[in-house]
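Hello,

Here is the structure for you to look through. My notes on it follow below.

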Amino acid sequence: MTAPTFAALLAARAGDDATALWFEERSWTWAEVIAEGRRRAGLLRDLRAQVAAAPPGPWHVGLALENTAEHLFWWVACSLAGATGVGINPTRRGPDLARDITFTECQVLVVDDGRRALLQGLTTPVAAERTLYVDEPSYGARLAATDPLDVASARAAEVDPATPFSLVFTSGTTSAPKAVICTQARMGRIAAQQAERRDLTAADVFYVVMPMFHSNALMAGIAPAVAVGGTIVLRRRFSASAWLADVRRYGVTFFNYVGKPLAYVLATPERADDADNPLRIAFGNEAAEGDIAAFGRRFGCRVIDSFGSSEGEIQIIRTAETPPGSLGLAPTPATVVMDPETLTECPPAEFDERGRLLNGDEAIGEIVHRDGAALFEGYWNNPEAQAARLRHGWSWSGDLAYRDAAGYFYFAGRSGDWLRVDGENLATAPIERLLVRFDGFAAVAVVAIPDPVVGDRVCAVAEARPGTAFDPDCFARFLEAQPDLGTKWVPAVVRVVDALPRTPTNKVLKREIPRDAVGGAGVWQRVPGSLAYRALG
């Protein structure tokens, strides 16, 4: 049976009087949320009617909004109207932001006061009359005078399943972001699969604090809530100190995340009654191994941390049997680790008695889905990136990994995250996983410092845990005690910073870390021939 489109799932909630949304001090039923979406969809219809020669196909609506009820209403409106929502990333500025809006061919912009200053002075193709400032009184009056879109059209599946529901920019941690297409069919399928796999029901309460211009908020939080008719608790921005109070206040049972939120919550003062809460599931990706276990113990919930691409075709799932440090198993044998030069599958990783990887040169390759081309819906207007992802008829993730003899995957970094030290290729992620075990580090990014003699030197840029200072003697003892420390993994330089540069979803932006800064405060250099470090600057 074909899964319904996301528009059809929304339309099915039009007569549902159960609570759909809490935002700050106000709540809305599903019927009220759909009514708000219908009115904004009617505004889109009227705007299009005013354009004498509107281009064929769905309109692209740029959403430059904070995480508010208004933002959710506009995602609903776009879906019901068969328009395509474009998440506008507020960390992009000036020409880069103008490029994103122009590149995705937005015909409408919806802007709140929190984002308005970002757009001032920018040149975009969006006409002034199709730029809607939602905090102005005239906007509310305009909405009140608009006839809502007939929701029956969406229920009757008149929204084509192939219509893009969203264009969501990738995080752009290593290059300019690409706009990933997610169709109505895929969004509907994600909603249904999430609900089924997690045993979610209308009684579940979904805590959505990840930004809605990102796929995690839409796909992991909002989509399953729509599918089951649960309640969405929407927060303007994530707050670790308010997290547990919100979970208890709203009866939250499901929390989605990307990156560091688990670590930030764990950093709050622990109390004996932390597990006295209704949370059942924390679902996300890229949390640290230790944080996953600690979070589940402390708050009495199940943490499901999986690996998946925004493009939707590659997934690796953590199971109860997953070894420490592993991403888990792929649900299909078509997902493999491939040598990009020989186009052959990499051999299993080999380890010594201490757990050190012995054959990284041959075992590390790129994660590839050999049947993924049929699942990938493409990048908007980017044939070069699309061709790079679909080389040789396979889908290439851009992520490095290796597998053990049992088939478990271990992340090794992005495709550009290689160092060559004394003639040996080293992937950065295994080094980062080891160094972050040090109690004084909250996160670590390993980058290369070019060296004319050895090729590269290992530089560990470490985010200090709050309230701690780097202790070189303690760090030396830590390194000495790690049985799986590779002989060439020891950092030549350690830079300690208050915070690593990150995306709004807490992914580390390595391209913003200077590669040649080896002097100044907070920089420590290894004493040759030892594990000791001396301060520079």
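**Cysteines, then helices**

The sulfur of Cys182 lies 13 Å from the closest cysteine sulfur, that of Cys78, which is too far for a bond. Cys182 is buried, at a relative accessible area of 1% (buried means under 20% relative accessible area, with a 1.4 Å probe and protein chains only). For Cys106 the closest cysteine sulfur is also in Cys78, 9.8 Å away, again too far for a bond. Cys106 is buried too, with a relative accessible area of 3%. Counting as a disulfide a pair of cysteine sulfur atoms within 2.5 Å, the total is 0 disulfides.

This is a predicted model, where local features need pLDDT of at least 70, side-chain atom pairs count only at pLDDT 80 or more, and totals for chains, interfaces and linings use all residues. Residues are numbered from 1 along each chain as its sequence is written, and side-chain values use heavy atoms, leaving out hydrogens and water.

Helices are DSSP runs of H or I, at least four residues, numbered from the N terminus. After H9 comes Gly229, with a positive phi near 75 degrees.

The axes of H2 (residues 30-49) and H6 (residues 137-144) come within 9 Å and cross at roughly 90 degrees; axes are lines fitted to C-alpha atoms, for helices over the stretch in contact, and angles run from 0 to 180 degrees between N-to-C directions. H2 is therefore roughly perpendicular to H6 (65 to 115 degrees). Contact, meaning heavy atoms within 4.5 Å, involves Arg39, Arg40, Leu43 and Leu47 of H2 and Tyr139, Arg142, Leu143 and Ala144 of H6.

Regards

Conventions:
Helices (H or I, at least four residues) and strands (E, at least two) are DSSP runs, numbered from the N terminus. Buried means under 20% relative accessible area, exposed over 50%, partly exposed in between (1.4 Å probe, protein chains only). Angles under 35 degrees count as roughly parallel, over 145 as roughly antiparallel, 65 to 115 as roughly perpendicular and the rest as oblique.
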